[in-house]
Amino acid sequence: MNPQEFHEARRQADTPFGRISYLEQGAGRVALFVHGLPLCGYQWRDVVARVASQRRCIAPDLMGLGYTDVPASQDVSFAAQSRMLVALLDALKIETVDLVGNDTGGGVSQIFAANHPERVRSLTLANCEVGEHWPNELLKGFYQAVVEGPIIEAMRVMRTDAAFGQEQLGSLVYENPKTFSAENIELYLAPILASATRIEQFRKLADWRTHRAQLLGVSERLNASTVPTQVIWGDGDLVFDTGPSVKWLRENLGGLQQITTIPRARLFFPEEHPQRTASLLSQFWSTLAAPR
C-alpha cells in the first residue's frame with residue numbers, strides 16, 4: 001500500500017471525541033493496531049496486509065496525529081486516547097479486540113487493557129513506554145524540544161529535505177533510515193503541521209509527566225491482569241532503554257506469555273519487518289482459547 005492507496009482506503013467514524021480516521025482491512029475477529037509518534041495508522045499497512053486473512057484489522061489515527069480531526073480543546077493524553085479507542089469501537093459496534101501497540105500506541109494500549117480488560121482478547125506490546133523507566137534523557141530532550149519549538153521547525157525542514165529527515169529522525173527509529181522516505185515524511189508530518197491547532201495538539205502529546213503518571217496509575221491493574229500478553233522488542237532500539245524496560249514488563253505484566261526480541265531492530269520495526277511482526281502475531285493468536 002502506498003500513500004495514495006492509504007488515503008483512498010481511509011475511513012472515518014464520528015465519536016464524542018471528534019472524527020476518527022482509520023484504516024480497515026480483512027474480516028473476522030477484530031485486531032486493533034495502535035501506532036507510534038509522530039506516525040499514523042499507515043505505520044501498520046504491511047502488517048495488516050499480512051494478517052487480514054485472519055482478522056478484521058482496524059488501524060486508527062490517534063488524536064493529534066495523522067488524519068483524525070478533534071477539537072482544539074480535546075485532551076490528547078494517553079488516558080484520553082484510550083477512551084477515544086473505546087468510543088471508536090462502540091461506533092463500529094465492536095466488542096472485543098486483539099490489541100497491538102507500538103511506541104506511544106503501546107503506552108495507550110497498556111491503559112486500554114488495564115481499564116477495559118473485558119474488551120481485550122489479547123495484548124501485544126512492541127517497543128513502548130514503560131512507566132518507571134520512561135522517559136530517558138534522550139526522550140526528555142526530545143519532548144522539551146517539541147514544546148519549545150526546535151522539533152517543529154525541524155519537521156518543517158524534513159518535508160522539503162528528505163535526507164535531513166532521514167539523518168535526524170530516520171536513523172534513530174529505523175535500521176534503514178531511507179524507510180523514512182520523502183513520501184512517508186509528507187504523509188506523517190503534513191497533518192501535524194497543517195495548522196496552529198494541530199501543532200499545539202502535538203505539543204500536548206509531549207506532556208510526558210501526565211502520560212507517565214497515567215501509566216503508573218494502571219501498573220497494579222496490569223500486574224493483576226489475566227489478558228494473554230506478548231512482548232515483541234527490537235533490541236537495537238535507540239529510543240527506549242531495552243534492558244530495564246523488558247525486565248519491568250517481564251515482572252509486571254500479569255498475563256505475559258512470551259517475550260520475543262528481534263536483533264538489531266529499532267523502534268518502528270513493524271514498518272521494516274512486517275512479515276516477522278505478522279508471523280509473531282499469527283503464532284500468538286493461534287495459541288489463544290476460543291473467543292470470549
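This is a predicted model: local features need pLDDT of at least 70, side-chain atom pairs count only at pLDDT 80 or more; totals for chains, interfaces and linings use all residues.
Most peptide bonds are trans, and most residues other than glycine have a negative phi. With that in mind, here are some spots to look up.

**Cis peptide bonds**
- Leucine 37 and proline 38 are joined by a cis peptide bond, with omega at about 10 degrees.
- To find proline 38, look in the loop between β3 (30–34) and α2 (45–51).
- Another cis peptide bond links tryptophan 134 to proline 135, and here omega is about 0 degrees.
- Proline 135 sits in the loop between β6 (120–128) and α5 (137–148).

**Positive phi angles**
- Aspartate 103 is not a glycine, yet its phi is positive, near 55 degrees.
- Strand β5 (residues 97–103) contains aspartate 103.
- Aspartate 103 counts as buried because its relative accessibility is 5%, and the cut-off for buried is under 20%.
- Asparagine 127, also a residue other than glycine, has a positive phi near 30 degrees.
- Asparagine 127 belongs to strand β6, and its relative accessible area of 0% makes it buried.

**An exposed proline in a loop**
- Proline 16 lies in the loop that runs between β1 (11–15) and β2 (18–25).
- Proline 16 has 78% relative accessibility, so it counts as exposed; the cut-off for exposed is over 50%.
- Proline 16 and leucine 88 are 72 residues apart along the chain, and their C-alpha atoms are separated by 9.2 Å.

Key: Residues are numbered from 1 along each chain as its sequence is written. Side-chain values use heavy atoms; hydrogens and water are left out. Helices (H or I, at least four residues) and strands (E, at least two) are DSSP runs, numbered from the N terminus. Buried means under 20% relative accessible area, exposed over 50%, partly exposed in between (1.4 Å probe, protein chains only).
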